[in-house]
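Dear colleague,

Please read them with the model open beside you.

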Amino acid sequence: MTTPATGPVAVVGTGVIGASWAALFLAAGHDVIAHDPAAGAEDRLRAAVADAWLALTRLGLAAGASPDRLSFVADVATAVGPAAFVQESGPEQIALKRELFAAIDEAAPADTVVASSSSGLMPSRLQAMCSRHPERVLVGHPFNPAHLIPLVEVVPGALTSEAAVTTAMRFYASVGKRPIHVRQELPGHVTNRLQVALWQEAYSLVERGVASVADIDAAISQGPGLRWALLGPLVNQHLSGGVGGMTHTLEHLGPPAEEWMKDLRPARLSPALVDLLVAGVDDELAGIDQRDLVTDRDELLIALLESKRRHTALP
């Protein structure tokens, strides 16, 4: 596979996720060629890049990085034709994806990796839309805001070559991402499945009247979520075991944890439960300007990322 540094990066689809990708690639010192057929897409993209640039500057720009290295083109072929890496972030609509991937497959160089930001579509399904080179297609799923959150899930399909996976992992790492290799195709990949497991029990607890929405948010944001932002749940389990580590934790807390897991309840998003959840969030955020909330969240996120970089023992 081609080393991505030898050519521009194509961003196909420039909504919230695609715009974040474009800003990140530019900050990493790449030329970016973007395409999106929506009316006004170029103006929105350039505004989004400008909005993200201050945060990316704080986190550190590569030599030569500049928003001026962004170009916007009118068709897919022009965007991907010279690309050394393609990041697709179009809407999750099968008919649209089929047309888009056929066009990308036709025009992109044969050795260029084509990565989709899709959180819901399996890479094998995307590969089936490509008649020329399905072996270079995979999922590269980020998390919002994608220009700040390091995680990206690299998910190969049944036909994806090892070379494509290696290229994607190296490329994402080179732009400051923390890629993980998801070794089996599953709905929701890995991280969304972990999130859904927590949401399921949170929904159930609200439905049963065990805790309010605000209390559940506090239970995570003021409790284990603080540790999870530093180390993952399994390493935190290991540290909870003291000198005995994970072995001690599982020996002593494993049996009760199994009982708790058996007591977890399924949740169905009935109209009544949806109303409870919406009302709970509205009550929790009453009097809070959501724009200020997002600004403060991102400010704390940047500070955390800066701090984590200084602590090299953190995995």
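**Notes on the model**

W228 is partly exposed, with a relative accessible area of 38%; please keep in mind that this is a predicted model. The residue lies in helix α9 (residues 224–228), and together with V196, L198 and W199 it makes a nonpolar surface patch of about 370 Å². Helix α7 (residues 191–207) contributes the largest share of that patch, 3 residues.

The second largest pocket has a volume of about 540 Å³, and of the 25 residues that line it, A48, D51, A52, H147 and D298 are the closest to its centre. Two or more lining residues come from each of α1 (16–27), α2 (41–59) and α13 (290–310), with α2 giving the most, 9 residues. By class, the lining holds 13 nonpolar, 6 polar and 6 charged residues.

Across the whole structure, 12 salt bridges were found. One of them joins the side chains of E306 and R58 at 3.1 Å, N to O, and this pair links distant parts of the chain, since E306 sits in helix α13 and R58 in helix α2, 248 residues apart. E306 is partly exposed at 23% relative accessibility, as is R58 at 35%.

A salt bridge also connects E259 with K262, whose closest N and O atoms are 3.3 Å apart; both residues lie in helix α11 (residues 245–263), about one turn of the helix from each other. Here E259 is partly exposed, at 46%, whereas K262 is exposed, at 64%.

With best regards

How values were computed
Residues are numbered from 1 along each chain as its sequence is written. This is a predicted model: local features need pLDDT of at least 70, side-chain atom pairs count only at pLDDT 80 or more; totals for chains, interfaces and linings use all residues. Side-chain values use heavy atoms; hydrogens and water are left out. Patches are made of residues with over 30% relative accessible area and no salt bridge: like charges are joined within 9 Å, nonpolar side chains (Val, Leu, Ile, Met, Phe, Trp, Tyr) within 5 Å. Accessible areas come from the Shrake-Rupley method with a 1.4 Å probe; for residues, only the protein chains shown count as cover. A salt bridge is a side-chain nitrogen of Lys or Arg within 4 Å of a carboxyl oxygen of Asp or Glu. Helices (H or I, at least four residues) and strands (E, at least two) are DSSP runs, numbered from the N terminus. Buried means under 20% relative accessible area, exposed over 50%, partly exposed in between (1.4 Å probe, protein chains only). On a 1 Å grid over the protein atoms alone, a cavity is a set of points where a 1.4 Å probe fits but cannot get out, and a pocket is an open set with protein on both sides within 12 Å along at least five of seven lines; lining residues have an atom within 4 Å of a point. Grid points are joined across faces, edges and corners, and a volume is the space filled by probe spheres set on the points. Ala, Val, Leu, Ile, Met, Phe, Trp, Tyr, Cys and Pro count as nonpolar, Asp, Glu, Lys and Arg as charged, and the others, Gly among them, as polar.
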